[in-house]
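These are my notebook entries on one structure. I looked up a few local features, some helix pairs and a chain contact.

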Amino acid sequence: MADKKGLEGIMSAMHAEIERSMSRLRMPHAKEIVPQYVSYCLTTNETLSIDSDLGCSGSERKKDAYIEVEVRVGREGDITSGHYRDMLGFYDSPSQDALRVVLWRFTDDIFKEAFKDYLRRKERRMETHTHLKEEQVHFHTAASVRHVEGRKQAGISEGDWEAIARECTALFRQHPHINTSGFEMDVELETRILVNSDGSEIKTSQRFYSIDLDASAIAVSGDSRKIENVIEVGRQFYVTHPSDLPTRQEVVKATEDVLEDMASLLEAPVQKPCDRPVIGDPEFSAQLLYTILGELLISRCSYLHYLEDRGLKKGDDIFPGFISVVDLPDRKTFTQPDGNRIHLNGHSRYDAQGIPAARIDIIRDGKVAGFPCTREYMAGLELPNGRARFSDDLVVPGVTNLFIRSSRTALDDDLKEQLIAECESKGYDYGFFLEGALSSEFDLEENCYMMTPRMAYRVWARDAVDEETGEKFSRGDMQLVSDVQAVGNPKMTLSYLKMTGEDFTAVVPSEVERKFFQESSGYFQGGDCSIISPSTYFSRMEVKKENYSKTRPPLLPHPLHDKKRR
Amino acid sequence: MKFRNKLKAILDHISDDQQSLQRKKGEEEPYFESYLLLSRKTDEFLCSNGAIVDEQYSSDDNTLRVEVRVGDYGFDGMGSITTGVFPITDDYTATRNLLWSLTQPAYHHAQLNYLRKCRDAVDSEQPLRTRSFSSVNPVEFEDKMKKRNDSLVDRWQKVLTEGSARFNEHPEILSGRLKFTLEEMMKVYVNTEGASIVQQDVNYMLHMEASARAPEDGEHLVVTRRYLSKNRLQFPRKKELENVIDWMILHLKELRSAPVQSAGQYPVMFDPDNTEVLFHEIVGHRLEGERQERDWEGDTFEGSIGRKIAPDFVNLVDDPTRKLFRGVDGVERTMFGHYLYDDEGVPAKKVVLIKKGVLQNYLLSRKPIVGYDVPPNGHGRCDGTEDPIARMSNLMARSSRPLSQDKLEELLIEQCLRQDKDYGIIFKGSSGGHTDTSDDNFRLFPQQVYRLWARDAVDPQTGKRFTKGEQQLVRGVEVAGTPLMILNNMLGMGKDYRIWPGHCGAESGWVKVCGAAPSSVFSKIEVIPNSADRLIDNPHPKPSTYLAKKR
């Protein structure tokens with residue numbers, strides 16, 4: 001056979017190995033258990049990284065490729081799965097023969113793993129209550145599809161962005177309290193070629209642009225609990241189209257904002273744990289709802305079967321009746337409240353199992369209406385709807401463009417009035433306004449989430465003096481505080497969601513760390529989806545202390561601010 | 001238990017010049033040594049299916065913990081060594097040799113820890129912000145020795161063997177186990193400040209556990225009952241025991257056909273057992289002194305002395321000196337967490353933690369807390385092997401405005417109607433709970449779950465009609481929450497006080513504790529599916545149900 005190169009060669013090699021595996025890959029002692037489905041996905045990435053700090057910069061270009069193999073093994077109607085991901089040792093247009101050797105090796109490994117997993121599932125099925133488990137091992141069949149996209153270009157100037165990075169990070173030099181700082185930009189061109197035993201051939205091309213601006217400082221004064229806390233402040237931009245990248249002026253402004261936030265946070269009083277009314281801005285709200293909803297939805301399809309009963313069923317009351325949630329993979333763009341039209345990160349045509357991505361009504365009038373699904377059959381769920389994603393060594397459902405819709409909205413000022421009224425009725429001096437989201441996690445065992453906002457402000461509900469700082473505040477004043485983390489149980493939290501804003505904003509969520517028995521058990525999707533959320537008003541939410549890392553500040557003063565310097 | 005020679009050996013070891021710690025040049029001076037000897041003698045047997053299936057008698061377990069501190073009270077390094085290989089007999093020379101072999105290594109550990117702490121102080125000022133160890137006036141005390149009643153073991157073997165056979169007749173019951181433990185404990189504490197304390201404790205424990213499976217989904221259903229007391233007279237009589245076993249059987253049968261409760265948030269009532277466990281998990285652990293300054297802790301109540309942290313009717317006290325408690329049934333029972341001196345030689349003190357909702361104090365060991373200049377209050381506790389930290393003892397919750405049971409139920413129904421819920425949930429009996437003080441969450445594991453119907457309605461799961469105020473047994477759920485939200489959701493407490501004795505596990509090991517509280521009502525609590533296994537039931541009939549007939 002001629003050793004073809006390029007797309008044709010890659011697909012041809014994949015087809016050949018799929019055909020060989022489907023017809024001949026057998027364990028000698030159990031020939032009746034055969035591959036039911038084989039898919040190969042070759043992902044190639046070209047990455048440009050620009051790093052800068054204190055006005056200096058550098059860049060690096062990298063290319064890599066990896067193969068994801070899914071093999072489902074079993075008898076008909078009784079199928080299990082395996083999934084494998086590994087880096088390839090070569091990048092530039094692998095030859096057909098080289099690719100076949102790699103696919104042969106990986107398929108063999110994953111077939112054996114899938115075979116063992118099949119037997120494990122059989123064991124579990126024997127001891128597990130039949131009523132609950134018997135239907136959960138099937139795999140939906142699907143028609144073949146063909147979709148080929150052209151390769152996209154980065155569309156940015158490396159030199160221009162290095163100059164912007166240097167200009168921004170030079171600002172950090174002059175600030176005596178900044179301990180670490182940096183600008184990191186990644187531009188990633190990703191091409192995925194998927195071929196499976198249905199006969200599908202899919203080639204997609206995507207671009208990801210990320211900018212991380214970070215600075216940290218060590219608190220040296222104020223409350224004893226705060227001293228030595230390493231306070232981190234940052235701004236992130238994740239976009240999928242070069243036209244959505246911030247302008248030079250916007251990045252400089254973001255850097256100035258980071259410095260201003262840092263200065264304010266270092267002076268801000270420490271917030272004691274409490275339970276108060278809360279308004280979350282769209283970014284905080286998007287990450288919170290994504291953390292809660294993502295967890296509840298994914299638990300339903302959980303590979304951790306111990307937890308699957310914690311998930312939701314269709315018709316379950318979960319949100320207040322004024323909330324609906326719909327996942328729209330075909331939506332390409334969204335107009336932000338400031339009038340900017342941006343591209344949504346979750347736009348997609350096909351998922352990792354070759355299924356067309358379809359609209360899903362996830363919550364309708366507060367009740368669960370649908371689930372993101374893979375091709376694995378789960379009792380009570382609908383047909384696959386194009387949400388399969390490779391995650392670590394599993395295929396799991398994910399979301400695309402998640403639109404939070406609300407029929408009970410109010411302007412910002414009205415939300416604030418609601419919060420103040422709630423504080424007054426409860427006798428609280430203040431509630432909170434939580435802005436942005438630094439991180440979020442969900443503890444599966446404890447059924448509890450934790451979310452760190454970028455900034456937290458008290459909203460004073462009456463004229464009062466802050467007993468810690470002695471500062472006087474009037475009704476409606478905002479006061480920045482530090483050490484705030486929101487914590488709660490999902491259903492309890494949602495039961496206190498009373499109203500939303502009208503400021504629907506597209507946000508790219510950061511990944512949610514999932515913990516199990518206090519250990520990290522992986523992450524729920526982040527980055528390749530968008531959440532469109534308004535501000536939210538909760539009549540109650542618990543806030544706890546954020547656990548900062550601590551370190552002793554530098555012993556000598558900043559060299560540019562040392563009065564005794566020589 | 002004989003201990004005179006061992007005690008003399010420790011005292012002589014401390015005062016013997018030849019045994020003084022050998023310091024190398026540049027090493028820190030030792031300023032404190034302590035020795036905690038814990039002797040435990042146990043008789044234990046387990047009965048199941050009408051037979052004894054496990055037993056051990058006069059089992060001796062001795063541990064010695066040696067603590068050495070170098071530096072001074074202001075900044076020190078602490079080293080400790082524990083051994084389980086300790087003379088069972090009251091042997092002076094063997095004890096002296098063992099003390100000789102352990103003290104120098106403990107001193108060596110203290111030196112290393114001193115250097116580590118100095119190294120930590122390079123990265124953070126934290127270790128220097130507070131004194132390392134509190135000094136206390138030394139106490140000499142020797143308990144009046146109680147005699148344990150050995151005849152009880154023979155008598156209870158017969159009662160429990162027969163009792164465990166009662167489960168045999170019921171094909172639905174998977175297992176029924178009754179375990180008896182008689183434990184005699186002797187604690188000898190001596191330190192170089194001059195303290196010499198001998199405390200003795202006799203504990204009578206009975207654990208009863210039975211299980212079945214729900215036919216609908218295979219849920220493993222477990223019912224337990226236990227009696228933990230320092231007084232044998234408070235153990236149930238034979239007839240009472242049989243009644244409890246019969247109740248367990250009946251309850252399991254009812255549970256098998258009970259509908260599964262769906263997860264969600266509901267108005268909730270806790271019985272006294274669950275209220276006690278709730279206070280233990282969400283408040284008690286968060287008021288332990290050491291948790292107020294560790295970086296990784298959630299600091300839920302740090303720096304909150306004088307602040308309102310609970311509804312104004314809530315009062316909470318921890319009192320290790322309290323021996324007895326009279327519950328709603330009028331019977332006075334021993335409190336399982338009672339002791340007179342803690343494991344650091346400090347006299348136990350009653351500590352008012354919350355008064356009318358306002359935080360008053362923390363539980364303290366000899367480790368001082370930054371910004372809270374209060375002497376230790378006798379709560380430094382350990383299991384004899386781990387390093388002591390502040391722990392609870394007898395935690396008692398009381399309401400300033402106690403409500404009758406009827407009023408509590410009215411309150412629950414009122415909440416249901418306000419939230420447009422058909423029913424609230426009542427949790428009875430507890431298998432315990434746990435909490436994560438760093439991440440600020442907790443879970444409770446109630447034993448029985450009931451719906452209290454707030455209006456006349458038909459249960460869609462069973463098709464049964466219920467009227468307002470009726471209770472319906474359900475299954476399959478437990479409780480999850482975050483501490484402040486739950487505390488603030490508390491609407492009222494009753495007056496049906498009951499004690500809940502148990503064992504609490506934390507960094508310093510398992511210690512005996514006791515709770516006392518009445519029922520309580522909450523406007524909203526999150527209820528989640530429990531983690532019981534769900535497996536296929538044994539398809540074959542239970543032999544004990546047909547063998548007797550064949551014979």
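**Entry 1: two loop residues**

I found Asn49(B) in the loop between strand S1 (30-48) and strand S2 (51-71) of chain B. Helices (H or I, at least four residues) and strands (E, at least two) are DSSP runs, numbered from the N terminus. I noted that phi of Asn49(B) is near 55°, a positive value in a residue other than glycine.

Before going on I wrote down the ground rules. The model is predicted, with local features needing pLDDT of at least 70 and side-chain atom pairs counting only at pLDDT 80 or more, while totals for chains, interfaces and linings use all residues. Residues are numbered from 1 along each chain as its sequence is written, chains are lettered from A and ligands numbered from 1 in the order in which they are written, and side-chain values use heavy atoms, leaving out hydrogens and water.

In chain A I looked up Asp365(A), which sits in the loop between strand S12 (360-364) and strand S13 (367-368). Asp365(A) is not a glycine, yet its phi is positive, about 50°.

**Entry 2: helix pairs in chain B**

Two packed helices are described by the angle between their axes and the distance between the axes. Axes are lines fitted to C-alpha atoms, for helices over the stretch in contact, and angles run from 0 to 180 degrees between N-to-C directions.

I took H1(B) (residues 4-15) and H2(B) (residues 92-123), whose axes come within 8 Å and cross at roughly 40°. H1(B) is therefore oblique to H2(B). Angles under 35 degrees count as roughly parallel, over 145 as roughly antiparallel, 65 to 115 as roughly perpendicular and the rest as oblique.

I listed residues in contact (heavy atoms within 4.5 Å). Those of H1(B) include Lys6(B), Ile10(B) and His13(B), and those of H2(B) include Arg96(B), Leu99(B) and Trp100(B). The residues of this contact divide into five nonpolar, four polar and four charged. Ala, Val, Leu, Ile, Met, Phe, Trp, Tyr, Cys and Pro count as nonpolar, Asp, Glu, Lys and Arg as charged, and the others, Gly among them, as polar.

Next came H3(B) (residues 151-165) and H4(B) (residues 238-256), with axes that come within 10 Å and cross at roughly 25°. H3(B) is therefore roughly parallel to H4(B). Their crossing is right-handed. Trp156(B), Val159(B), Leu160(B), Glu162(B) and Gly163(B) of H3(B) make the contact with Lys238(B), Leu241(B) and Ile245(B) of H4(B). I sorted these residues into five nonpolar, one polar and two charged.

**Entry 3: the contact between the chains**

How many residues does each chain bring to the contact? I read 54 from chain B and 47 from chain A.

The area buried between chain B and chain A is about 4000 Å², and carbon and sulfur atoms give 47% of it. Buried area is the accessible area (1.4 Å probe) that two parts lose on being put together, summed over both. Met485(B), Glu526(B) and Ile536(B) supply 15% of the area that chain B buries against chain A, more than any other three residues.

I counted four salt bridges between chain B and chain A (a side-chain nitrogen of Lys or Arg within 4 Å of a carboxyl oxygen of Asp or Glu). Glu467(A) and Arg307(B) form a salt bridge through their side chains, at 3.0 Å from N to O.

Note on methods. Left-handed = near helix turned anticlockwise from the far one by under 90°.
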